[in-house]
Amino acid sequence: MDKSSTKPFRVGILGCGTVGTGTAKIMLESRPSLKDKTGLDIRLHRVAEKDQAKARASGFDRKLFTDDALAVCNDPEIDLVVEVIGGIEPARTFILAALKAGKAVVTANKALLATHGKEIFKAALASKTSVGFEASVCGGVPVIAAIRDGLVANRIESIHGILNGTTNYILTRMIQNGAPYADALREAQAKGYAEANPANDVKGLDAAHKLTLLANLAFHSTFAFADIHAEGIDAVNIEDVRFAAELGYSLKLLAIAKRQAAGVELRVHPTLIPNSQPLANVRDVFNAILVRGDATGDVMLYGRGAGMMPTGSAIVADIVDAARGSARQAFTKLQFFQNPRADLPVIPIGRITSRYYVRFCVVDKPGVMGKIATMLGQHGISIASVMQKEPHESGDVPVVILTHATVENRFQAALREIARQEFNKRPASLLRVED
Ligand code: NDP
Ligand code: HSE
């Protein structure tokens with residue numbers, strides 16, 4: 001290709017915060033090497049940032065900046081708009097405006113796509129353009145491209161992902177230092193991993209947003225954010241983390257999408273994983289995804305799920321995809337968020353099958369363990385292992401049981417019956433186990 005005659009591909013960025021800065025930096029610094037590798041002349045044309053102090057602090061040419069994001073969306077010279085403002089509005093309005101103006105869009109905004117994906121992807125199809133969203137799931141880890149392209153020959157059977165770095169950091173601290181949840185959260189906040197209001201991360205919503213996108217892609221079907229059962233880590237008790245460690249398990253906030261005969265399980269919750277499994281060894285802020293394809297078997301991706309440069313890397317990959325013309329081609333075929341899902345109903349949480357860890361807190365009296373075992377047995381629940389400890393100073397005795405696989409509703413019914421017995425000193429604590 002004659003590089004000197006390549007028509008420039010012009011990009012506008014909305015938002016010069018963490019990800020916007022990383023994206024602009026990569027675009028400016030890597031322009032020559034990108035041209036060498038792709039033959040494309042990708043140019044940063046405009047950056048919309050409402051905070052002028054941030055614009056000044058960025059060190060980028062001030063002439064790139066405007067505070068008018070809508071003008072960037074409608075600029076006839078711009079081919080592609082990167083939305084890295086975050087949140088629902090005005091990000092949604094800007095993306096729809098850019099698509100209406102015929103521009104390709106790239107975004108890292110999983111919260112917006114998981115909740116308004118249908119509308120946004122429909123608008124992109126109508127204007128014969130595309131939306132790239134690699135950065136929205138696991139930052140620098142190219143999981144979208146892997147599922148969409150590299151694994152295209154496969155029927156995806158399951159996805160197990162550590163999709164949220166903040167919670168993985170907190171759980172790692174709890175496991176390694178024995179720190180209670182509140183202390184580990186404070187440490188994550190002090191290090192800048194957790195936000196001042198950490199609700200989106202610790203309540204499992206961020207991971208559920210990401211799982212919504214992955215499930216749509218992997219199962220070529222339409223799932224909404226509301227289809228995901230999400231539980232966070234904010235109620236995790238350090239005692240359970242310690243008992244689990246004794247039993248050879250690590251606690252992770254796992255996002256699970258699993259094809260079953262009756263449909264698809266879609267869930268995010270704290271989960272015990274045997275230490276022998278690779279996902280159990282993903283620590284600190286790292287993300288990892290284990291995808292099972294019918295042809296490949298297990299494929300695992302691992303890396304940084306956030307941060308200005310890793311996330312910027314994913315955004316630039318999507319920009320290159322759009323500049324090459326391949327994004328639109330793939331996008332048109334993908335019909336993302338537009339496919340009927342008649343063949344793939346979501347299995348309600350009560351009907352999933354899982355193994356369970358349960359810790360009862362009971363009085364120290366003869367026959368209590370026997371009664372618990374009998375009640376579980378009466379509900380058809382088979383015990384895999386039992387651990388009882390010496391009483392606490394308070395006189396409470398922890399009884400920890402791991403079950404074989406059973407249906408959630410059945411297990412919950414057994415727990416309700418056990419909870420009615422006078423030997424309980426506190427409500428039982430429950431964790432699902434994935435082998
Ligand atoms: P930041 O808050 O750091 O950056 C957003 C920037 O956009 C801010 O500078 C903000 O200014 C600016 N902004 C807000 N409204 C407007 C507007 N109307 N016009 C122009 N600029 C505006 O967010 P991040 O970079 O961290 O995140 C951006 C997106 O990327 C989010 O969707 C996030 O979920 C996603 N993401 C982030 C990752 C990360 O590592 N940070 C990783 C993966 C995805 P002001 O501060 O004044 O409001
Ligand atoms: N808050 C997210 C995390 C990063 O902790 O993984 C952005 O996706």
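How many residues surround ligand 1, and which are the closest?

1. Ligand 1 is surrounded by 23 residues, the closest being Thr-18, Val-19, Glu-49, Lys-54 and Gly-307; a residue counts as near a molecule or strand if one of its heavy atoms lies within 4 Å of it. This is a predicted model, in which local features need pLDDT of at least 70 and side-chain atom pairs count only at pLDDT 80 or more, whereas totals for chains, interfaces and linings use all residues. Residues are numbered from 1 along each chain as its sequence is written, chains are lettered from A and ligands numbered from 1 in the order in which they are written, and side-chain values use heavy atoms, with hydrogens and water left out.

2. Polar contacts of ligand 1 (pairs of N or O atoms within 3.5 Å) involve Glu-49 and Lys-54, each with a polar side-chain atom 2.8 Å from an oxygen atom of the ligand. A polar backbone atom of Lys-50 lies 3.3 Å from a nitrogen atom of ligand 1. Of the 890 Å² of accessible area that ligand 1 has on its own, the protein covers 75% (Shrake-Rupley method, 1.4 Å probe).

3. The shell around ligand 1 comprises eleven nonpolar, seven polar and five charged residues. In this classification, Ala, Val, Leu, Ile, Met, Phe, Trp, Tyr, Cys and Pro are nonpolar, Asp, Glu, Lys and Arg are charged, and the others, Gly among them, are polar.

4. Around ligand 2 stand Lys-110, Asn-164, Gly-165, Thr-166, Asp-201, Asp-206, Lys-210 and Ala-306. By class, these are one nonpolar, three polar and four charged. Oxygen atoms of ligand 2 lie 2.4 Å from a side-chain N or O atom of Lys-110, 2.7 Å from a polar backbone atom of Gly-165 and 2.9 Å from a side-chain N or O atom of Lys-210. The protein covers 79% of the 260 Å² of accessible area that ligand 2 has on its own. Helix H8 (165-177) and helix H11 (205-219) are the elements that give two or more residues to this shell; helices are DSSP runs (H or I) of at least four residues, and strands (E) of at least two, numbered from the N terminus.

5. Six strands form an open sheet in the order E3-E2-E1-E4-E5-E6, with parallel pairing (pairing requires at least two DSSP bridges between two strands). Strand E3 (65-66) and strand E6 (131-132) are at the edges with a single partner strand each, so one side of each has no neighbour in the sheet. Strands E1 (residues 8-14) and E2 (residues 41-48) pair in the parallel sense over seven bridges, and Gly-12 is opposite Arg-46 in E2.

Methods. Polar contact = N/O pair within 3.5 Å; in protein donor to acceptor, adjacent residues only side chain to side chain.
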